[in-house]
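I opened the coordinates and made short notes as I went. The entries follow the order in which I looked things up.

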Amino acid sequence: MEEEAVSVAEVLERIRTRLIRQIESEPNLNPGADQPVPGQQANIGRLRGLLSEVQALHTQVGVLNPRPSGVLNDLIQLFKKALLRILRWYSRPVVLYEAVTIQFLGQVIEILERDETRLQSLEGKVGLMADDLADLRQRTLEKLDEIGTEVKKMGRERR
């Protein structure tokens, strides 16, 4: 029986040592500990602003800029309208392409926003799980100490 108590104590000591090594070597899983470098994260607010600018500029394609009234300015406007009508065959596909691209970018930004929200939620859950794991390890070490004490008592009583 004494041999069993010694072997149980050895096993408990090996488990305790392994747990302590794991605790020391494990990277910190708390989300606030290692903040990513600001340049690495997508700045979705900036993307939204750029998309708004692109949409505003897109509405200006193919639009004549106003000029003050007058004979010379009226002739210039007439020439610009004719030129606009002549080039419509060329600019129409470009305008359609831009419209589809803007829709695509809007969808991409929405997907990024959803993913960012999900990632923040997951970071919170991982933080809670890391805290739970640290608590579990601590309780395991305490329980191992209790078991070791009990094994030593049993070894002394049997002598």
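Predicted model: local features only at pLDDT ≥ 70, side-chain atom pairs only at ≥ 80, totals over all residues.

**Entry: asparagine 73**

I began with asparagine 73, which I found in helix α3. Is asparagine 73 buried or exposed? Its relative accessibility is 14%, and buried means under 20%, so asparagine 73 counts as buried. I then looked up its contacts, leaving aside neighbours within four places in sequence, and found Arg67 and Pro68.

**Entry: overall layout**

I read the secondary structure next. The protein chain has three helices and zero strands, and along the sequence the pattern is α-α-α. I looked up burial for the chain: of its 159 residues, 13% are buried. I also checked how far apart in sequence the contacting residues lie. Of the contacts with a separation of 6 or more, 80% are between residues 24 or more positions apart.

**Entry: confidence**

I checked pLDDT before going further. The average for the protein chain is 82, and 85% of the residues score at least 70. Which helix has the lowest confidence, and which the highest? Helix α1 (residues 2–25) is lowest at a mean of 74, and helix α3 (residues 71–158) is highest at 89. Over residues 29–33 pLDDT stays under 50. The model has nine contacts beyond four places in sequence for residues 29–33.

**Entry: nonpolar core**

I looked for the largest nonpolar core and found five residues: Leu12, Leu19, Leu141, Leu144 and Val151. Helices α1 and α3 each supply at least two residues of this core. Helix α3 gives the most, with three residues. I picked leucine 141 and listed what it touches, not counting residues up to four places away in sequence. The list for leucine 141 is Arg16, Leu19, Ile20 and Ile23. Of these, Leu19 is also a member of the core.

**Entry: helix α2**

I took the length of α2 (residues 44–60) next. Its 17 residues reach 25 Å from first C-alpha to last, close to the 24 Å expected at 1.5 Å a residue. Which residues of α2 are buried? They are Ile44, Leu51 and His58. These residues lie on the same side of α2, because they cover an arc of only 30° around the axis. On the other side of α2 I found Gly45, Arg46, Leu57 and Gln60 exposed. I then asked what covers the buried residues of α2, and the cover includes α3. After α2 comes glycine 62, and I noted that its phi is positive, near 80°.

**Entry: aromatic pairs**

Last, I searched the whole structure for aromatic pairs and found one. Tryptophan 89 and tyrosine 90 form this pair, with 5.8 Å centre to centre and 75° between the planes. I recorded the pair as edge-to-face, because planes over 60 degrees apart count as such. Are these two residues buried or exposed? Tryptophan 89 is exposed, and tyrosine 90 is exposed too.

Technical notes: Residues numbered from 1 in each chain as written. Heavy atoms only, no water. Phe/Tyr/Trp six-rings, centres within 6.5 Å; stacked < 30°, edge-to-face > 60°. Buried < 20%, exposed > 50% of the residue type's maximum accessible area, 1.4 Å probe, protein only. pLDDT = per-residue confidence, 0-100. Helix = DSSP H or I, 4+ residues; strand = E, 2+ residues; numbered from the N terminus. Contact = heavy atoms within 4.5 Å. Core = buried A, V, L, I, M, F, W, Y, C linked by side-chain atoms within 4.5 Å. Expected span 1.5 Å × (residues − 1). Arc of directions from axis to C-beta.
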